[in-house]
Amino acid sequence: MIELKPKSLLAATCAFFIIAACSPGRTAAGPAQRLAEAAAAGTPLYGHQDDLMYGHGWNANLDPAGDDLTRSDVKDACGRYPALLGLDMGGIELGESHNLDGNDFSLMRRAAVAHFERGGVVSLSWHLRNPLTGGDAWDVSSDKAVASVLPGGEKHELFGQWLDRLADWILSLKAADGSQIPVLFRPWHEHSGSWFWWGRNLCSDEEYNALWRMTWEHLTVKRGIEGLAWAISPNYMERNFEQWETRYPGDAYVDVVGLDCYASADRDGYIRQMHAGLASLQRFCEAHGKVLAVTETGLETLPDPVWWTGTLSEAIAGFPVSYVLTWRNASDRPTHFYAPFAGQASAEDFAAWIRQDKITML
Ligand code: BMA
């Protein structure tokens, strides 16, 4: 959260110069301010999920201690790292050593630190287990899961432990100078759909909003995590997309409002959905003073060699988006990737898009 109250401006300005002078490789601004500036300047950050963890046919987790976190499919393709690194915390709640996609949490910590020290923004999503059924995030067999973790619910205490494990990991993200690394947190995502246990048909408006506020209170107030910015990301829906707006915890709990919307072979359909979704969220952001983003998108397997300049560029043109994140390049599934790698069909076009649309990279 950023709060620019006049009385704190002088202190904030002094802090900025002190920190900036000490840390030439990165900016002092937290993620929310950094993203707001990128949106205003028309220079969105490019983000890639799990970029430093693994890629098409390689995996840093196979030698976590020996890995120096310099490899990236995107860097291999265009010579530069994404400016935003997406990581997923799914599995931390159970105290597991690896997340749901096989990432070693210790290596993820090193990746987050390395990315921050290079000048990047770190964003955390959370595909956490279903606390009521013991199933995964996609287990929608009960519509009582959200209610069960709220105060008075049978899993409330357990969920407090889950939040503490998450908080412990975030609090362990320390820069070289010992300061807390500020991150963007994007929980309870795609809540306009009904495929996660916190989705539309699985809880009421009140329950969803209470879940968000409880998460916020726990991490920000109880555990005192500094510099945490919060992103909410409804998935695009053809019908009644604006329904998501009743599942919004309030302006005090959110910094970034982003769209999750994936492409398909239907280019025009994707562009139409992106335009409709972003126009709606842009209105919302303007009314609520929030920062707009494309929190998840991409075309799986990137078969279109000019997808970046020919489709994505048109899909976001004219919208003040602060960042655009494409999903992960799985190391163990040859057709599950959303970013170019060296020699991939769209690699040259990706580099052209970066230049053409003034996309921020590292
Ligand atoms: C999905 C897929 C899954 C993955 C999940 C969480 O979209 O990539 O394979 O487990 O995201 O990262």
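Guide: Rings of Phe, Tyr and Trp (its six-membered ring) pair if their centres lie within 6.5 Å; planes under 30 degrees apart count as stacked, over 60 as edge-to-face and the rest as tilted. The model is a predicted one, in which local features need pLDDT of at least 70 and side-chain atom pairs count only at pLDDT 80 or more, while totals for chains, interfaces and linings use all residues. Residues are numbered from 1 along each chain as its sequence is written, and side-chain values use heavy atoms, leaving out hydrogens and water.

Visitor: How many aromatic pairs does a search of the whole structure find?

Guide: The search finds 29 aromatic pairs. Tyr208 and Trp212 form one that is tilted, with 6.4 Å centre to centre and 45° between the planes. These two residues are four apart in helix H7 (residues 205-222), and therefore about one helical turn separates them. Helices here are DSSP runs of H or I with at least four residues, numbered from the N terminus.

Visitor: Are Tyr208 and Trp212 buried or exposed?

Guide: Buried means under 20% relative accessible area, exposed over 50%, and partly exposed in between (1.4 Å probe, protein chains only). Tyr208 and Trp212 are both buried. Ring pairs also place them in a cluster whose members include Trp126, Phe159, Trp188 and Trp230.

Visitor: Which parts of the chain does the pair of Trp308 and Trp353 link?

Guide: Trp308 and Trp353 form a tilted pair, 5.4 Å centre to centre with 35° between the planes. The pair links distant parts of the chain, since Trp308 is in helix H9 and Trp353 in helix H10, 45 residues apart. Both residues are buried.

Visitor: How do the axes of H9 and H10 cross?

Guide: Axes are lines fitted to C-alpha atoms, for helices over the stretch in contact, and angles run from 0 to 180 degrees between N-to-C directions. Angles under 35 degrees count as roughly parallel, over 145 as roughly antiparallel, 65 to 115 as roughly perpendicular and the rest as oblique. The axes of H9 (residues 307-316) and H10 (residues 347-356) come within 8 Å and cross at roughly 40°, so the two helices are oblique to each other. Contact means heavy atoms within 4.5 Å; among the residues making it are Trp307, Trp308 and Leu312 of H9 and Phe350 and Trp353 of H10.

Visitor: With which residues is Cys78 in contact, leaving aside its neighbours within four places in sequence?

Guide: Cys78 is in contact with Phe350, Ala351 and Met361. Cys78 belongs to helix H3 (residues 73-78) and counts as partly exposed because its relative accessibility is 23%.
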